[in-house]
Amino acid sequence: MMIALSGTPGTGKTSVARELQKRGVPVTYATDTIGPYRIGEDPERDTDIIDDERWVSEFTPVDGIVEGHLTHLLPADRIIILRCHPAILKDRLRKRGYSEMKIQENIEAEILDVTLAEAFDIHDEEKLYEIDTTHLDISECADKVEEIIRGTAQPSIGIVDWLITCGDML
């Protein structure tokens with residue numbers, strides 16, 4: 001079973017994936033597979049341009065977790081979207097050295113549910129799971145992912161609405 005672990009940068013994807021690996025869960029990192037699909041750079045946004053349609057169409061399914069902020073586009077069996085309060089996300093992205101423009105772009109994406117909306121457009125609702133990582137440590141997040149892997153968690157979307165509480169950050 002292939003499970004996508006996606007979300008806005010800074011929501012905890014890589015940290016959770018590393019914890020899951022320590023627990024014996026197979027993890028594939030999208031960054032390790034995406035190289036041949038880089039078609040350019042966007043220096044203004046400080047990001048690579050990826051031919052995500054080709055990446056998705058050529059991606060070889062794996063058994064386990066596929067971690068990365070584009071993985072919700074894959075034909076996975078379950079899609080987990082990690083969420084984080086925008087104020088905390090802002091601090092995390094600053095610590096990574098992101099430019100203020102890139103931070104704002106990611107904060108806006110989180111507030112507007114961009115990753116979740118994209119996943120919802122592609123996948124059936126019963127495949128989608130949202131985890132609010134704001135007040136959870138990495139171990140607790142990994143526990144929730146393992147519940148999804150085991151099939152003991154119910155699909156859930158719409159559990160957070162940052163627009164109501166953080167609209168002024170837009």
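1. In this predicted model, Leu-136 is in contact with Ile-131, Cys-141 and Lys-144, once its neighbours within four places in sequence are left aside. The residue itself sits in a loop, which runs between strand 7 (128–132) and helix 6 (138–150).

2. Is Leu-136 buried, exposed or partly exposed? Its relative accessibility is 25%. Because buried would require a value under 20% and exposed a value over 50%, Leu-136 counts as partly exposed.

3. A further point concerns Cys-84, which is 52 residues from Leu-136 along the chain. The C-alpha atoms of these two residues are separated by 9.8 Å.

4. Strand 7, at one end of the loop that holds Leu-136, also belongs to an open sheet of 5 strands. The order of the strands is 2-5-1-6-7, and their pairing is parallel. Strand 2 (27–29) and strand 7 each have a single partner strand, so they stand at the edges and one side of each has no neighbour in the sheet. On average, neighbouring strands of this sheet are turned by 25 degrees against each other, direction ignored.

5. Which strand pairs with strand 2, and over how many bridges? Strand 2 pairs with strand 5 (residues 64–67) in the parallel sense, over 3 bridges. Thr-28 has Val-66, in strand 5, as its bridge partner.

6. Helix 1 (residues 13–22) packs on the sheet. The helix touches strand 1 (2–7), strand 2, strand 5 and strand 6 (78–83). Its direction makes about 150 degrees with that of strand 2.

Technical notes
Residues are numbered from 1 along each chain as its sequence is written. This is a predicted model: local features need pLDDT of at least 70, side-chain atom pairs count only at pLDDT 80 or more; totals for chains, interfaces and linings use all residues. Side-chain values use heavy atoms; hydrogens and water are left out. Helices (H or I, at least four residues) and strands (E, at least two) are DSSP runs, numbered from the N terminus. Buried means under 20% relative accessible area, exposed over 50%, partly exposed in between (1.4 Å probe, protein chains only). Contact means heavy atoms within 4.5 Å. Two strands pair if DSSP finds at least two bridges between them. Axes are lines fitted to C-alpha atoms, for helices over the stretch in contact, and angles run from 0 to 180 degrees between N-to-C directions.
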